[in-house]
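This report looks at a pocket, a surface patch and a few loop residues. Please keep the sequence and the 3D view at hand while reading.

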Amino acid sequence: MKILIINGPNLNFLGKREPKIYGDETLELINNKIKEFGMYHGMEVEFFQSNHEGYIIDKIQESYENVDYLIINPGALTHYGIGIRDAILSTNLKTIEVHLSNVYSREEFRHKSVISDICIGKITGFGSEGYKMALQYLSNLKK
């Protein structure tokens with residue numbers, strides 16, 4: 001099973017950015033932990049991060065025939081990234097939405113996601129463990 005994990009705007013600043021909300025782990029550390037977890041479960045995991053919606057759309061479009069599932073943390077694009085929504089819909093990629101913080105305990109504008117209704121699931125508020133939770137779910141599907 002091949003999984004693409006996409007992280008959106010500002011997630012490259014994890015470890016520096018608001019550690020009380022997002023923790024002190026860097027994206028590189030999180031990706032290494034996820035990769036190891038995926039390998040243990042027989043999954044090939046690819047990572048992509050961009051601060052630009054167009055690059056994320058391009059990555060979804062160029063990857064859809066080569067991956068089985070998409071796990072995405074769209075960051076701020078969660079709330080207005082209609083282009084990402086359209087890319088997921090047009091590629092028909094089975095997608096899990098992940099957020100490090102509990103978006104429902106934060107500002108009201110963070111409660112709305114433009115992709116949640118087209119995802120097979122959403123994990124929010126468990127920090128970097130959310131990515132592993134998504135992989136564990138996908139691992140259970142193949143059993």
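How many nonpolar, polar and charged residues does the lining of the largest pocket have?

## The largest pocket

In this predicted model, the lining of the largest pocket divides by class into six nonpolar, seven polar and three charged residues. The volume of this largest pocket comes to about 180 Å³, and of the 16 residues that line the pocket, the closest to its centre are Tyr22, Gly75, Ala76, His99 and Arg110.

## A nonpolar surface patch

Ile120, Tyr137 and Leu141 together make a nonpolar surface patch of about 280 Å². Within this group, Tyr137 belongs to helix α5, which covers residues 129–141, and Tyr137 counts as partly exposed because its relative accessibility is 41%, a value that falls between the limits of 20% and 50%.

## Asp117 in its loop

Asp117 sits in the loop between β4 (95–99) and β5 (121–124), where its relative accessibility of 57% makes it count as exposed. Although Asp117 and Arg85 are 32 residues apart in sequence, their C-alpha atoms are 9.7 Å apart in space.

## Two residues with positive phi

Most residues other than glycine have a negative phi. Asn10, however, has a positive phi, near 75 degrees, and is placed in the loop between β1 (2–7) and α1 (19–22); with 38% relative accessibility, Asn10 counts as partly exposed.

Asn92 also has a positive phi, in this case near 60 degrees, and lies in the loop between α4 (82–91) and β4. Since the relative accessibility of Asn92 is 64%, this residue counts as exposed.

Note on methods:
Residues are numbered from 1 along each chain as its sequence is written. This is a predicted model: local features need pLDDT of at least 70, side-chain atom pairs count only at pLDDT 80 or more; totals for chains, interfaces and linings use all residues. Side-chain values use heavy atoms; hydrogens and water are left out. On a 1 Å grid over the protein atoms alone, a cavity is a set of points where a 1.4 Å probe fits but cannot get out, and a pocket is an open set with protein on both sides within 12 Å along at least five of seven lines; lining residues have an atom within 4 Å of a point. Grid points are joined across faces, edges and corners, and a volume is the space filled by probe spheres set on the points. Ala, Val, Leu, Ile, Met, Phe, Trp, Tyr, Cys and Pro count as nonpolar, Asp, Glu, Lys and Arg as charged, and the others, Gly among them, as polar. Patches are made of residues with over 30% relative accessible area and no salt bridge: like charges are joined within 9 Å, nonpolar side chains (Val, Leu, Ile, Met, Phe, Trp, Tyr) within 5 Å. Accessible areas come from the Shrake-Rupley method with a 1.4 Å probe; for residues, only the protein chains shown count as cover. A salt bridge is a side-chain nitrogen of Lys or Arg within 4 Å of a carboxyl oxygen of Asp or Glu. Helices (H or I, at least four residues) and strands (E, at least two) are DSSP runs, numbered from the N terminus. Buried means under 20% relative accessible area, exposed over 50%, partly exposed in between (1.4 Å probe, protein chains only).
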